[in-house]
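Open the model in a viewer and follow the stops below, which centre on the ligand site.

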Amino acid sequence: MINPVARAARAVIGRATERQRLPDAAAILSALSVPVVLLDAENRFRYVNHAAEQFLGISAVQLASLRLTDLVPADNPLYLLIDQVRHGGATVSDHELSLESPRLHKQGIAVQGSPLPEEPGGVLLVLQDASAARALDRQLAFRGAARSVSGMAAILAHEVKNPLSGIRGAAQLLESSVAPEDRELAVLIRDEADRIRGLVDRMEIFGEKPIQRGAVNIHRVLEHVRKLAQSGFAAHVRFHEVYDPSLPPVWGNRDQLVQVVLNLVKNAAEAVTDAEQPHPEIVLSTSYQHGMRLSVPGSTDRVELPLTVSVRDNGPGIPDDIRPHLFEPFVSSKAAGNGLGLALVAKIMGDHGGLIEVDSRPGRTEFRLHLPMLSERDLDAC
Ligand SMILES: Nc1ncnc2c1ncn2[C@@H]1O[C@H](COP(=O)(O)OP(=O)(O)OP(=O)(O)O)[C@@H](O)[C@H]1O
Ligand SMILES: [Mg+2]
């Protein structure tokens, strides 16, 4: 089978001989959402498409003066794959490569390497971030999980809250009438009733209410949460902000977005605190990412999600047993945790038509939110 990307790349450097002119091959390659890199015989970057610039986080102009060894250490199995392509003259694939270096943190990368006869020693690499694909799967799955909670939330709100206020009132009455040695028990009943009420209140947000949207300045949201965190649960944590000041507004609900960021920052602060990290740190960042699209289930539409907000901490990473169920409700590794924080994040992101990605390993956990931008059509609807 001829690799279609290899065929297009041949045409880029290789003077197409077909009589009938094809559309410009460079344009085809740069329109591809899959990162494509052409290395020369010395592993210098001979060509990168737009998606590869994004993937590597470095512009094509800068890459032109670099070698692969400047980005990926020489002992990485990727070089073995490249050698196999050069010497075997055939396409070689690998599925779970880690590209780790000070400039690059990518795991679970699928790489396909193909030779390019027109470029002796040249190797064409097609990279695919399998973790992004997995995150997408998960996003769709946890939408379902959040939805199943929404029915339960409605029942709870209805069936639990009313009797609960009765119990609380009765406990309060007892508090003033029982013997002093039993008063403690009455207080216990009142406190527990309050705790259950708090839990039900938190779950109520899972209800299926349409959200009120507007233009939200995400930097204000981040600032608000940072101040809240620093004056309370994250007073001992150092915050860094890396913001893209030109970021356009998010099309969303401000209060719900505050809730999302707050839940992520709270988890990050708890992670660094519980692990007694000597230099606890949280990095909040924003960026604009071209080409981040998500297909809407049940439709052929693809929504553009160019606004990225990231919350990163230097805690111990997400426990392995939690990972497959991270966004499901009631999943928690904490003694006092309800396991509702991330389920709520998932629900709100789903309502916003957004996407969440997670990268986690010891010392570095990052939650990335991909959000829709305000369009002129939305403005008209405001
Ligand atoms: N930044 C993080 N670093 C390490 N583990 C995390 C991080 N964020 C989430 N987790 C893991 O995911 C679990 C679920 O998080 P979630 O916010 O849903 O619930 P919780 O924090 O345990 O409880 P709640 O938020 O309801 O108080 C956590 O218990 C923790 O194990
Ligand atoms: Mg939490």
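Start by selecting α9, the element that gives the most to the shell around ligand 1, with 4 residues. Helices (H or I, at least four residues) and strands (E, at least two) are DSSP runs numbered from the N terminus. This is a predicted model, in which local features need pLDDT of at least 70 and side-chain atom pairs count only at 80 or more, while totals for chains, interfaces and linings use all residues. Residues are numbered from 1 along each chain as its sequence is written, chains are lettered from A and ligands numbered from 1 in the order written, and side-chain values use heavy atoms, without hydrogens and water.

Next, show the 23 residues around ligand 1, taking a residue as near if one of its heavy atoms lies within 4 Å. Asn 267, Ser 332, Ser 333, Lys 334 and Leu 342 come nearest. Colour the shell by class: 10 residues are nonpolar, 9 polar and 4 charged. Here Ala, Val, Leu, Ile, Met, Phe, Trp, Tyr, Cys and Pro count as nonpolar, Asp, Glu, Lys and Arg as charged, and the others, Gly among them, as polar.

Now display the backbone of Asn 338, Gly 339 and Leu 342. A polar backbone atom of Leu 342 is 2.8 Å from an oxygen atom of ligand 1. For Gly 339, a backbone N or O atom lies 3.1 Å from a ligand oxygen, and for Asn 338 the distance from a polar backbone atom to a ligand oxygen is 3.3 Å.

Finally, colour the chain by pLDDT, the predictor's confidence in each residue from 0 to 100. The chain mean is 83, and 81% of residues reach 70 or more.

Terms used:
A polar contact is a pair of N or O atoms within 3.5 Å; within protein, one must be able to donate a hydrogen and the other to accept it, and residues adjacent in sequence count only if both atoms are side-chain atoms.
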